[in-house]
Number of protein chains: 2
Amino acid sequence: DYIAIRPDWTVREVLDFVRENGRDSESLDVLYIVDAKGLLIDDVRLREFLISPLDKKVSELMNDSYTALEVTDLKESAVQVFRDYDRVVLPVVNSQKFLVGIVTIDDVLDVVEQQDTEDIQKFGGMAALDFPYASTKIWDLVKKRAGWLIVLFVGEMFTATAMGYFEDEIAKAVILALFVPLIISSGGNSGSQAATLIIRSLALGEIQIKDWGMVLRREFYSGIMLGVILGTIGFIRIFAWSFFSDVYGPHWFLIALTIGFSLIGVVLWGTVTGSMLPFFLKKCNFDPATSSAPFVATLVDVIGLVIYLSFAVMLLRGTLL
Amino acid sequence: DYIAIRPDWTVREVLDFVRENGRDSESLDVLYIVDAKGLLIDDVRLREFLISPLDKKVSELMNDSYTALEVTDLKESAVQVFRDYDRVVLPVVNSQKFLVGIVTIDDVLDVVEQQDTEDIQKFGGMAALDFPYASTKIWDLVKKRAGWLIVLFVGEMFTATAMGYFEDEIAKAVILALFVPLIISSGGNSGSQAATLIIRSLALGEIQIKDWGMVLRREFYSGIMLGVILGTIGFIRIFAWSFFSDVYGPHWFLIALTIGFSLIGVVLWGTVTGSMLPFFLKKCNFDPATSSAPFVATLVDVIGLVIYLSFAVMLLRGTLL
């Protein structure tokens with residue numbers, strides 16, 4: 001319900017019309033000016049009529065340009081139009097520019113909130129819920145979560161395969177196994193940070209697909225720096241422990257080097273993978289929010305193990321291995 | 001900038017006043033009725049004046065109740081007031097109910113978006129950025145991420161300690177080490193799903209701290225079901241492989257059982273931890289979004305390893321161990 005007026009009316013006629021017909025209108029923020037056929041030709045804020053002399057013509061207040069949604073627009077793009085044009089209400093027209101109704105911003109606020117909830121749930125590695133948590137049946141909670149959990153589980157099975165290739169090395173130096181969770185979780189954490197950043201920036205339109213080169217460069221440097229920070233901490237930790245105990249044996253220095261270099265490699269790999277996958281998925285028309293987490297987790301864990309154990313083989317051959 | 005009117009005016013006087021003074025007003029959606037001292041006594045939507053006879057008194061349109069923000073209100077709670085009362089503009093009063101200004105919903109839409117971005121970034125395990133990605137300096141990107149990455153890294157060091165207690169068992173049965181990433185990532189994934197769900201529901205007010213018992217019950221059952229699903233897949237995988245290869249040796253059935261039961265235990269632990277920590281952190285006045293991810297990751301990984309390797313010791317003692 002909205003007020004449509006004609007260009008040849010005076011301000012006084014408009015206000016009289018509003019007084020007679022405005023009671024059922026959802027919003028009086030903007031009045032819509034239509035021609036004799038009902039086609040939208042302009043939108044003028046009601047405030048213009050309130051602050052103009054009563055004998056001015058509607059046509060004198062018009063600027064012959066308006067912002068409208070089309071009935072075929074998606075809710076998501078409607079949100080963007082409200083934001084870009086700073087409106088609280090927008091007209092909706094069909095493909096012939098015939099005015100069919102209005103949409104107010106409260107509807108949009110709910111859509112924004114719902115969209116963000118979906119993005120957050122998808123990013124947490126699950127299908128978006130259809131209802132609030134407390135009113136979702138337990139079985140539906142399980143169904144929404146089981147799908148991705150199974151996909152992730154099957155993906156992570158490759159970690160066992162990857163480690164299988166290094167089974168002999170692990171048997172010779174069990175100490176290598178002890179650091180596996182530490183190393184792969186560092187890769188996973190840096191990957192999930194990078195993916196979070198990029199997915200949100202893409203969703204807000206702060207960056208576009210074409211910016212992938214700029215992002216790659218920035219994330220490469222960030223990944224190196226973060227890797228050096230964690231690698232140094234890991235190195236110092238083993239170095240320090242070796243003063244007080246014999247837990248790392250005589251080759252503690254080589255072990256410390258292995259952990260340090262592996263962390264640089266794994267954190268760099270995690271950061272670059274986490275930042276590039278959202279671009280790749282968006283390019284392939286997948287929703288980056290849905291699909292990044294599992295791909296990042298699997299790629300980072302599997303390749304991270306290979307990076308770690310390859311460094312170990314290189315650095316420890318002839319001593320521990 | 002807003003329009004404040006007096007209760008003894010007529011509708012015609014109000015509209016004349018608006019015509020004279022409305023040009024600078026940010027919003028004409030609602031007019032504010034103040035007494036002789038400037039204290040806010042009511043808010044009436046402009047549409048009431050537009051659809052009422054010109055000789056009606058303002059006092060006849062009043063209902064002596066209004067919704068206002070206080071100058072001391074936080075932006076976050078202001079968002080909730082707009083939502084609850086379905087407004088596009090709200091008056092702001094000081095502690096003496098003196099009208100000091102108005103706030104429009106466009107400001108709020110930005111706040112909602114910014115809040116959600118912060119929550120998403122915090123949940124991704126990093127400090128919220130102050131600026132959009134592309135305009136943040138690389139060094140600032142590193143600083144915002146290094147803090148949590150170091151906290152997580154130090155927390156995850158306990159995984160090496162936990163595995164150290166089982167070093168002899170791993171040396172005897174290296175096959176156990178191969179499944180470590182698979183098992184702890186399943187715990188981490190189910191924990192992060194549960195934490196995501198609960199953090200968002202708490203943020204939207206769908207559930208409160210007092211609902212923790214209901215959530216615990218639901219997540220306990222969800223965790224059991226999800227654990228049984230993954231445990232069964234893990235069991236079948238080892239079972240099936242053992243038909244075609246000798247990779248798991250003669251005790252493949254016990255290994256399959258160990259993996260199956262461990263997955264049930266680890267997924268249940270992850271789900272319960274992930275769902276309960278946000279309540280605990282909120283109760284302690286920490287922001288659940290900031291702090292849950294690292295705590296869940298560390299608790300789930302460390303305890304998950306202990307669960308897995310304890311099952312292994314119980315089931316494989318006398319055979320592999």
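This is a predicted model: local features need pLDDT of at least 70, side-chain atom pairs count only at pLDDT 80 or more; totals for chains, interfaces and linings use all residues.
Residues are numbered from 1 along each chain as its sequence is written, chains are lettered from A and ligands numbered from 1 in the order in which they are written, and side-chain values use heavy atoms, with hydrogens and water left out.

**Symmetry and interface**

Chain B is superposed on chain A by a rotation of 180° with 0.0 Å of shift along its axis, at an RMSD of 0.2 Å (least squares on the C-alpha atoms of residues with pLDDT of at least 70 in both copies). This is the relation of a two-fold axis. The same surface serves both copies, since 100% of the contact residues of chain B recur in chain A (contact means heavy atoms within 4.5 Å).

Each side is described by its residue count: 102 from chain B and 102 from chain A. About 9300 Å² is buried between chain B and chain A, and carbon and sulfur atoms give 69% of that area (the accessible area, with a 1.4 Å probe, that two parts lose on being put together, summed over both). B:R19, B:Y133 and B:F153 supply 9% of the area that chain B buries against chain A, more than any other three residues.

**Salt bridges**

Side chains of opposite charge can pair when their charged atoms come close. Over all chains, the whole structure has 10 salt bridges (a side-chain nitrogen of Lys or Arg within 4 Å of a carboxyl oxygen of Asp or Glu). Between chain B and chain A the count is 2. The table includes pairs between chains and within a chain.

| Pair | Closest N and O atoms |
|---|---|
| A:R145 and B:E219 | 2.7 Å |
| B:R145 and A:E219 | 2.7 Å |
| B:R19 and B:D16 | 3.1 Å |
| A:K210 and A:D211 | 3.5 Å |

The pair of B:R145 and A:E219 crosses between chains, from helix α6 of chain B to helix α10 (residues 212–244) of chain A (helices are DSSP runs of H or I, at least four residues, and are numbered from the N terminus). B:R145 is buried at a relative accessible area of 0%, and A:E219 is also buried at 0% (buried means under 20%, exposed over 50% and partly exposed in between, with a 1.4 Å probe and protein chains only).

B:R19 and B:D16 are 3 residues apart in helix α1 (residues 11–21) of chain B, so about one helical turn separates them. B:R19 is buried at 16%, whereas B:D16 is partly exposed at 36%. In the remaining tabulated pair, A:K210 is exposed at 65% and A:D211 is buried at 16%.

Notes. Helices (H or I, at least four residues) and strands (E, at least two) are DSSP runs, numbered from the N terminus.
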